[in-house]
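Welcome! Take a moment to look over the sequence and the 3D structure, and then we will walk through some of the features together.

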Amino acid sequence: MRNPLSSVVEEIQPSGIRKFFDIVSEMKDAISLGVGEPDFDTPWKVREEGINSLEKGRTFYTSNSGLKELKQEVCNYLDRHYNLSYDYNKEVYITVGGSEAIDDCIRAMIDPGDEVLIPQPCYVSYLPCVQLAYGKPVFINLKAENEFRLTAKELEEAITDKTKLLILPFPNNPTGAILERSDLEAIAKICIEKDIFVLSDEIYAALTYGNEKHVSIASLPGMKERTIVINGFSKSHAMTGWRLGYACGPEIIIGQMLKIHQFCIMCAPTTSQYAAVEALRSCDNEVNAMRNEYNERRRYLLHRFNSMGLPCFEPKGAFYMFPCIKSTGMTSEEFATKLLNAKKVAVVPGTAFGDCGEGFLRISYAYSMENLKLALDRIEEFLKER
């Protein structure tokens, strides 16, 4: 019998995040700091709107691009928070989470052999999406000494005459790094000069800390026409299980992304869409409250890791910490495995997010302060006992 499988799919590696999650799920009294899922309940008014939509029998397909009211609220939200202006009817559509939008964007834009720049460490889905589109991934290894920011110099050195798309994953998973306006202005200048498009994954845009608010590269002069902005509700509104995201960008690109969505998905879940209208209209206060709680946890973890000899730069976005464990002499995989077996604490090796993540761990602080304190105590014991 001939091999029934695609060679491209066979070469794709399973997610390194799920490995430790699956183990810890079977381990009694274990604490997981590995999954990037808010520990908050979806705001009640959002759940209530979802329930109401079911009770009213709103269980039919929406249009392929999503509910008109939701697309309008997406535009209002982006204008209100990030100074982005889109035509809801031509430049926006609703997806099944941000992950679908990433896949749609890459498949709509990339021909076989086109190069896609991927700064690493990064979210695990970018590479397989490029591989499935028969594109050529080109990695840019970000550095701890630069707080894992993408610099203009690093970008310029990675560009060739085959470069078509830059993935811009900030605020970043797994490092928590952000790009400030000055960083983005330097990157935008190069993208315009070299005629490169940008996939700006802004799923953590609402979760930034300190004085600098999130800036979208699409808001800079000359960039809206060459940028696809991807966002959603999972992280900002604690709606992971609702599976809802959106993509915004030039009509010519969105139209082709919508075509893929139309044939592969049809439309995003109707109940989730009605709930999301309420989320965007009236939940800014709830999002702010969640962000404030994350900030307290962030500051606590930063102090604890640095005090126990695992240096960590200050992450100013998302809900992740990326401490360095090189001083222990262990690899990231070795540290995570031994910690889990010895102290029943699950963390994710930095290598799950790219080879340049070696020597680091991803710690999610989307968990209660009680669990974080207990987990950090166990990690400190592990370091003293080794």
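Which helix lies across β2 and β8? Helix α4 (residues 68-82) does, and α4 runs at about 110° to β2. Contact here means heavy atoms within 4.5 Å, and angles run from 0 to 180 degrees between N-to-C directions, with axes fitted as lines to C-alpha atoms, for helices over the stretch in contact. Helices (H or I, at least four residues) and strands (E, at least two) are DSSP runs, numbered from the N terminus.

This is a predicted model, in which local features need pLDDT of at least 70 and side-chain atom pairs count only at pLDDT 80 or more, while totals for chains, interfaces and linings use all residues. Residues are numbered from 1 along each chain as its sequence is written, and side-chain values use heavy atoms, with hydrogens and water left out.

**The sheet**

- An open sheet is built from 7 strands in the order β2-β8-β7-β6-β5-β3-β4, and the pairing is mixed; two strands pair if DSSP finds at least two bridges between them.
- β2 (92-95) and β4 stand at the edges with a single partner strand each, so one side of each has no neighbour in the sheet.
- On average, neighbouring strands of this sheet are turned by 20° against each other, direction ignored.
- β2 pairs with strand β8 (residues 245-248) in the antiparallel sense over 4 bridges, and V92 has C248 in β8 as its bridge partner.
- Helix α9 (residues 251-264) also packs on the sheet, where α9 touches β2, β6 (197-201), β7 (227-232) and β8. The direction of α9 makes about 25° with that of β2.

**A closer look at β3**

- Strand β3 (residues 115-120) is mostly covered, with 6 of its 6 residues buried; buried means under 20% relative accessible area, exposed over 50%, and partly exposed in between (1.4 Å probe, protein chains only).
- In a regular strand the side chains alternate between the two faces of the sheet.
- In β3, one side carries E115, L117 and P119 and the other V116, I118 and Q120, and all of these are buried.
- β3 and strand β4 (residues 136-141) run parallel, joined by 6 bridges, and the partner of I118 in β4 is F139.
- From β3 the chain crosses through helix α6 (residues 126-132) to β4 in a right-handed β-α-β crossover. Right-handed means that, with the strands pointing away from the viewer, the path from the first strand over the helix to the second runs clockwise.
- β3 also runs parallel to strand β5 (residues 163-168), with 3 bridges between them, and V116 stands opposite L165 in β5.

- Helix α5 (residues 97-109) has 13 residues and reaches 19 Å from its first C-alpha to its last, close to the expected 18 Å; the expected span is 1.5 Å times one less than the number of residues.
- In α5, 10 of the 13 residues are buried, including A101, I102, C105 and I106.
- I190 sits in helix α8 (residues 181-194) and counts as buried because its relative accessibility is 5%.
- Leaving out residues up to four places away in sequence, I190 touches A152, L155, E156 and I159.

**Cysteines**

- How many disulfides does a search of the whole structure find? The search finds 0, a disulfide being a pair of cysteine sulfur atoms within 2.5 Å.
- For C191, the closest cysteine sulfur is in C105 at 13 Å, too far for a bond.
- For C312, the closest cysteine sulfur is in C324 at 9.2 Å, also too far for a bond.
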